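Let's take a look at this one together. Start by turning the model around on your screen, then read on.

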Amino acid sequence: MAYSKNLIDHYENPRNVGSLDKDSNEVGTGLVGAPACGDVMKLQIKVSDSGIIEDAKFKTFGCGSAIASSSLITEWVKGKSVDEAHSIKNTEIANHLALPPVKIHCSVLAEDAIKAAIADYKEKNKK
Amino acid sequence: MIKNIYFDYQATTPVDPRVIDKMLPYFGEIYGNPHSRNHSYGWEAEEAVEIARENVANIINANPKEIIFTSGATESNNLAIKGLAEFYGDKKNHIITCVTEHKCVLESCRFLSEKKNFDVTYLPVKADGLIDLKELEKAITPKTLLVSIMGVHNEIGVIQPLKEIGEICKEKEVFFHTDCAQAVGKILLDVNLMNIDLMSISGHKMYGPKGVGALYVRRKPRVRISAMMSGGGQERGMRSGTLSPALCVGLGEACRIYSTEMDAENKKLMKLKNLLLNGIRSQCDEIYLNGSEDQRVPGNLNLSFAYIEGESLMMGIKNLAVSSGSACTSASLEPSYVLKALGVQEELAHTSLRIGLGRFTTEDDVNKAVDKIVSEVKRLRALSPLWEMAQDGVDLTKINWAAH
């Protein structure tokens, strides 16, 4: 598959690989996908008191497009508010990486992952 | 500057320089039509084709009269299965094949079942990729015309028990066809010892040119097939069309080389295979070989690397040319039907790589491959949530995944 420069860059030099403390109340964890499908993304965000995402980390089991999509989204959400992060669309990811049509679902999974992480954070911090 | 190294010998092979040398005169110098009966241009071309035919026959212990040249194993498979069905089909209309056969065999059988009123039984395979001989015997009925089982598998390299299958077929009076595209030159083949009635051969899998193959058709007792291509009646009426002397000579020479070099080549490949497998396994855990370890040709290593996905691994080892059984690399997003038939769990099927060793692979190539594969496996496992969970002792089979 002939991938775009951006995609290859994120695959070879993924940003924000790692884990945050999933038990902390500042951290939201999203785990989406399934090994049987060949795609699993774990995305974690650390949110400040003012609702800004201070840090984000990811780990992905999946093809080059999946790794690149999740790497990209962790880069994008840092510094954004939770609501702004929630409104990131998979199409923006797909365009930036120039994902081939057969790989669009990887960007969808990345969008699902951030939404899941946000939902987990909100669930933990229900007042 | 990183050189690309070829590790996909099951997909195709380079033409051996000795084969190229033998082929070249037949493009510009000896260019006659081998079927031209009236002049030396034709006679010279014909002579070369007949020598090639003999070389092909010798490697499988057949008579040259039993070899017809085709455009490749796909055509040979189609001709064998559909041609046999067309000739004998009104009396016997049941075929037995196997779920792991090559697509051209499966599709030919499907065509017969959908359009020609044939019944087809697709035998399952055991976890090692081999068929169960008892299941084969049970499946044969008075209506069974043909059993078609490949000699060596293209994806997993396992060797089917051809002699035993041939015995069963002979006893039950059923024709036995075997797709030996990946087997010729790799294992000993003897059409008489193994009671084979039809055999498909492929040039480009054995250091011969692409675009040529052969079909062995038994003469004693005579096996009849209907031709698929109508025309001048070449190849004893079974396959019309002008033969390319260059291509035939290429296939013949590739076979001739193997008739003296097969054992030495297999020894070398076994050594390289062990170097590769042990090199990877000594540095990484949870590497699984797909398919039988001992009923297997040495040049095929189909490995699953748990917790990392095949396409991402292939991208990481981009200067090593391999192929993968992962869904991402097939256009349909379905993981390999072959690995599925072995019972390999889907998540492991997504992690598989087929590494092929061949005539021109060196020890240096293998050492470079081990280093590259090991370093990428470690890098991708550090990236993988599944590896992380496994290291933490989480039982991945117990998780409720939110499948999409």
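At roughly what angle do the axes of helix α1 (residues 5-12) of chain A and α2(A) cross? Keep in mind that this is a predicted model. The axes cross at roughly 85° and come within 8 Å. With an angle between 65 and 115 degrees counting as roughly perpendicular, α1(A) and α2(A) are therefore roughly perpendicular to each other.

Now for who touches whom. From α1(A), the residues A:L7, A:H10 and A:Y11 meet A:G64, A:S65, A:I67, A:A68, A:S71 and A:L72 of α2(A). Sort the residues of this contact and you get 5 nonpolar, 4 polar and no charged.

Next, zoom out to where the chains meet: 23 residues of chain A are in contact with 22 residues of chain B. On the chain A side, these elements each supply at least two residues:

| Element of chain A | Residues |
|---|---|
| β1 | 27-34 |
| β2 | 39-47 |
| β3 | 53-61 |
| α2 | 64-77 |
| α5 | 104-124 |

β1(A) gives the most to this side, with 4 residues. By type, the side of chain A that touches chain B has 14 nonpolar, 6 polar and 3 charged residues.

What about chain B itself? You'll find 13 helices and 13 strands there. Its radius of gyration is 23 Å, close to the 22 Å from the globule rule for 404 residues, so chain B is as compact as a globular protein of that length. The C-alpha trace of chain B spans about 75 × 55 × 35 Å along its principal axes, and 50% of the 404 residues count as buried.

Key: Residues are numbered from 1 along each chain as its sequence is written. Chains are lettered from A and ligands numbered from 1 in the order in which they are written. This is a predicted model: local features need pLDDT of at least 70, side-chain atom pairs count only at pLDDT 80 or more; totals for chains, interfaces and linings use all residues. The radius of gyration is taken over C-alpha atoms; the globule rule is 2.2 Å times the number of residues to the power 0.38. A residue is buried if 20 or more other C-beta atoms lie within 10 Å of its own, exposed if 12 or fewer, and partly exposed in between; C-beta atoms are placed from the backbone. Two residues are in contact if their C-beta atoms, placed from the backbone, lie within 7 Å. Ala, Val, Leu, Ile, Met, Phe, Trp, Tyr, Cys and Pro count as nonpolar, Asp, Glu, Lys and Arg as charged, and the others, Gly among them, as polar. Axes are lines fitted to C-alpha atoms, for helices over the stretch in contact, and angles run from 0 to 180 degrees between N-to-C directions. Angles under 35 degrees count as roughly parallel, over 145 as roughly antiparallel, 65 to 115 as roughly perpendicular and the rest as oblique.
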